Amino acid sequence: MPLAVLDCVFGLSCNLRQAIDDLCARAIELVRGGAAILLLSDRAMTQPGARSELIPIPMFLSYGGSAYRPGARRGAHQCGLAVEAGDCRDLHHAAVLFGFGAGAVSPWLALETARSLDQEKGESQHASCL
C-alpha cells in the first residue's frame, strides 16, 4: 500500500483531543502496514454522503499529532507525509505545514474558491492570495 489517506475529521460525539489521539494511532497502524506516503486530508467532510456533523481537525494539529507524537515519531521517518488542507488559506498556513515537515501541501479549498471566481484563469489569477 504505497499511499494511505488519513481522514482528518471527527464527529460531534468526539472531542478534539480524542480525535487527534485516534488519528495518531491510525497513522502508526498505516505505516506499520506498509504505507509509503500518508495523505492527511480534511476533504471527507465535503464528499457526497458525508455526515453533516463532521468537523475538520485543524491541519497543523493533525500533522503535529501524526508526525511528532512519541509513538508516531518512528513512523513519520519511515514514510512521506502530505496534506490536503481546507484551512490552508494563505502562504503563512502553507509555510507552517512545510515547516513542520510536510512534503506537499494542497490548499484545496483556496484553489476551488479561486476557480469559482474565474473559471478560465482560476488559480493563476488569484495565486497571490494563496
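Because the model is predicted, local features are reported only at pLDDT of at least 70 and side-chain atom pairs only at pLDDT 80 or more, while totals for chains, interfaces and linings use all residues. Residues are numbered from 1 along each chain as its sequence is written, and side-chain values use heavy atoms, with hydrogens and water left out.

The protein contains six helices and six strands, taken as DSSP runs numbered from the N terminus (helices: H or I, at least four residues; strands: E, at least two). Read from the N terminus, the order is β-β-α-β-β-α-α-β-α-β-α-α. Of the 130 residues, 41% are buried, that is, under 20% relative accessible area with a 1.4 Å probe and protein chains only (exposed is over 50%, partly exposed in between). Among contacts (heavy atoms within 4.5 Å) with a separation of 6 or more, 66% link residues 24 or more positions apart.

Beyond its neighbours within four places in sequence, Leu-38 contacts Ala-4, Leu-6, Ala-27, Leu-30, Val-31, Cys-79, Gly-80, Leu-81 and Ala-82.

A charged residue also deserves a look. Glu-84 lies in strand E5 (residues 80-84) and counts as buried because its relative accessibility is 18%. Its side chain makes a polar contact of 2.6 Å with that of Ser-41; the term denotes a pair of N or O atoms within 3.5 Å, one able to donate a hydrogen and the other to accept it within protein, where residues adjacent in sequence count only if both atoms are side-chain atoms. Setting aside residues up to four places away in sequence, Glu-84 also touches others, including Arg-43, Met-59 and Trp-108.

Helix H4 (residues 91-100) has features at both ends. At its start, a side-chain oxygen of Asp-90 comes to within 3.1 Å of the backbone nitrogen of His-92. After H4 comes Gly-101, with a positive phi near 115°.
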